[in-house]
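Good morning, and thank you for making time for this presentation.

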Amino acid sequence: MASSSPHVEPSPETRQSNFEQGVALALHLWPALTLAVQNNWGGPSSADKRDWFAGAIVEMFPSFPDLAAAKKMASKTTAPPAAAAAAASSEEEPEIEDVEATLLQVMVDEFEVNVDDDSGFESAETIMRIRAQCAKGDFREVDDLRRRWEAGRGKKVAAVQAPDVDQDTDDDGGSDWESDDDDGNGDVDMDEAPALVPAPKEKPPPPEVDEDGFTKVTRKKR
């Protein structure tokens with residue numbers, strides 16, 4: 001008779017590592033962010049900004065090792081079980097609305113892009129779902145995201161770039177970009193990419209010319 005091996009609960013560090021990977025993968029698979037990175041809408045360091053972006057989202061959540069330590073500490077107290085459990089979960093988890101708001105705000109602040117579809121909420125939903133599953137030691141969705149990301153690497157990305165409101169884009173007018181296997185910028189097939197609108201920049205007023213043909217100098221309003 002074959003003996004079944006006992007189920008081993010993943011360590012808090014393993015849960016945290018998978019959660020961090022899941023957040024990074026969710027952002028790499030977000031079409032809006034991938035287009036922004038490919039077009040350098042966040043500047044020449046757009047790819048680095050995406051990595052920072054993932055870290056900023058992870059930091060919105062208490063780490064699993066910290067939660068485990070707090071739970072262990074609470075179990076050593078003489079407080080009632082309910083009070084000990086409350087103390088162990090004193091670090092609040094963010095709501096999905098908070099995650100979505102942060103995703104959209106960073107896109108505007110760092111990439112000058114307004115995402116006007118539901119993809120921000122869908123990405124936040126994915127992150128919250130990954131969080132709940134990792135808390136239970138379930139990493140199946142993280143593995144699924146990794147398979148999707150690996151399958152999309154090396155594929156040509158076809159998407160229509162949104163018009164630049166200042167008409168000062170450096171793009172050569174093409175609509176296709178090759179993926180880059182080295183830095184992972186083109187790591188997702190995005191035939192269904194959403195329409196993006198770069199955040200508008202304030203345009204200076206046209207110069208005023210007096211009757212003698214001299215240009216008037218005006219101060220910028222504060």
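I shall discuss helix packing, then aromatic pairs, and then backbone angles.

A word on conventions. This is a predicted model, in which local features need pLDDT of at least 70 and side-chain atom pairs count only at pLDDT 80 or more, while totals for chains, interfaces and linings use all residues. Residues are numbered from 1 along each chain as its sequence is written, and side-chain values use heavy atoms, with hydrogens and water left out.

Let me turn to helix packing. Two packed helices are described by the angle between their axes and the distance between the axes. Helices here are DSSP runs of H or I with at least four residues, strands are runs of E with at least two, and both are numbered from the N terminus. Axes are lines fitted to C-alpha atoms, for helices over the stretch in contact, and angles run from 0 to 180 degrees between N-to-C directions.

Helix H1 (residues 12–28) and helix H7 (residues 119–135) pack at about 165 degrees, with their axes 9 Å apart. H1 and H7 are therefore roughly antiparallel; under 35 degrees counts as roughly parallel, over 145 as roughly antiparallel, 65 to 115 as roughly perpendicular and the rest as oblique. On the H1 side, the residues that meet H7 include Phe19, Gly22 and Val23, and on the H7 side they include Ile127, Ile130 and Arg131; contact means heavy atoms within 4.5 Å. The residues of this contact of H1 with H7 divide into 7 nonpolar, 4 polar and 2 charged. In that scheme Ala, Val, Leu, Ile, Met, Phe, Trp, Tyr, Cys and Pro count as nonpolar, Asp, Glu, Lys and Arg as charged, and the others, Gly among them, as polar.

How do H6 and H7 cross? Their axes come within 8 Å and cross at roughly 130 degrees, and H6 and H7 are therefore oblique to each other. Among the residues making this contact are Val99, Leu103 and Leu104 of H6, together with Phe121, Ala124 and Ile127 of H7. The residues of the contact of H6 with H7 divide into 8 nonpolar, 2 polar and 2 charged.

Next, the aromatic residues. How many aromatic pairs does the structure hold? It holds 2. Rings of Phe, Tyr and Trp (its six-membered ring) pair if their centres lie within 6.5 Å; planes under 30 degrees apart count as stacked, over 60 as edge-to-face and the rest as tilted. The ring centres of Phe19 and Phe61 are 5.1 Å apart with planes at 75 degrees, so this pair is edge-to-face. Phe19 lies in H1 and Phe61 in the loop between helix H3 (46–58) and helix H4 (64–75), so the pair ties together parts that are 42 residues apart in sequence. For Phe19 and Phe64, the centres are 6.3 Å apart and the planes at 80 degrees, so that pair is edge-to-face. Phe19 has 0% relative accessibility and counts as buried, as does Phe64 at 8%; buried means under 20% relative accessible area, exposed over 50%, partly exposed in between, with a 1.4 Å probe and protein chains only.

Finally, the backbone. Most residues other than glycine have a negative phi. Asn40, however, has a positive phi near 55 degrees, and Asn40 is partly exposed at 43%. Glu112 also has a positive phi, of about 55 degrees, and lies in the loop between helix H6 (96–111) and strand E1 (113–115).
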